[in-house]
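These are my notebook entries on a single chain. I wrote down what I looked up, in the order in which I looked.

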Amino acid sequence: MKNKKLIPFEVIEEAIAGKPDAIDAVLRHYYTGRIKYLSTYQGHINDNIQDRLKAQLIKAILQFRFDR
């Protein structure tokens, strides 16, 4: 049984390899919940915070290694 809340392993591998479509899929996955929630302040989405969170996520994706 597949867990629909998880990103498929293949997409994660492609994102780590730097493929733009896979990175976008990861961003979309986290934007719908976590990034949008964290960037909301007093009922409004703060675009600066949202952009910084997305940048930090992309940085973390590209630095991630399975061999550690």
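I started with Asp21, which I found in helix H2. Helices here are DSSP runs of H or I with at least four residues, strands are runs of E with at least two, and both are numbered from the N terminus. Asp21 counts as exposed because its relative accessible area is 67%. The cut-offs are under 20% for buried and over 50% for exposed, with partly exposed in between, using a 1.4 Å probe and protein chains only. I also took the C-alpha separation of Asp21 and Ile45: 25 Å, for two residues 24 apart along the chain.

Note on the source: the model is predicted, local features need pLDDT of at least 70, side-chain atom pairs count only at pLDDT 80 or more, and totals for chains, interfaces and linings use all residues. Residues are numbered from 1 along each chain as its sequence is written, and side-chain values use heavy atoms, with hydrogens and water left out.

Next I looked up the overall layout. The chain has three helices and two strands, and their order along the sequence is α-α-β-β-α. I noted a C-alpha trace spanning about 40 × 30 × 25 Å along its principal axes. Of the 68 residues in the chain, 19% are buried.

For the surface I used accessible areas from the Shrake-Rupley method with a 1.4 Å probe; for residues, only the protein chains shown count as cover. The chain exposes about 5,800 Å², and 54% of that comes from carbon and sulfur atoms.

Then I turned to the core. Which residues make up the largest nonpolar core? I listed ten: Ile7, Val11, Ala15, Ala22, Ile23, Val26, Leu27, Ile35, Leu57 and Ile61. Helices H1 (9-16), H2 and H3 each supply at least two residues of this core, and H2 gives the largest share, five residues. A nonpolar core is a set of buried Ala, Val, Leu, Ile, Met, Phe, Trp, Tyr and Cys residues joined through side-chain atoms within 4.5 Å.

Within this set I checked Val26. Apart from neighbours within four places in sequence, Val26 is in contact with Ile7, Val11, Ala15, Leu57 and Ile61, where contact means heavy atoms within 4.5 Å.

I went on to Ser39, in the loop between helix H2 (20-38) and strand S1 (40-41). Is Ser39 buried or exposed? Ser39 is buried, because its relative accessible area is 0%. I found its side chain 2.9 Å from the backbone oxygen of Ile35. With neighbours within four places set aside, the contacts of Ser39 are His44, Ile45, Asn46, Ile49, Gln50 and Leu53.

Gln50 sits in helix H3 (residues 47-63) and counts as buried because its relative accessibility is 8%. Not counting residues up to four places away in sequence, Gln50 touches Tyr31, Ile35, Ser39 and Ile45.

Last I checked Gln42, in the loop between S1 and strand S2 (44-45). I noted a phi near 50° for Gln42, a positive value in a residue other than glycine. Gln42 is exposed because its relative accessible area is 65%.

Definitions and conventions. A polar contact is a pair of N or O atoms within 3.5 Å; within protein, one must be able to donate a hydrogen and the other to accept it, and residues adjacent in sequence count only if both atoms are side-chain atoms.
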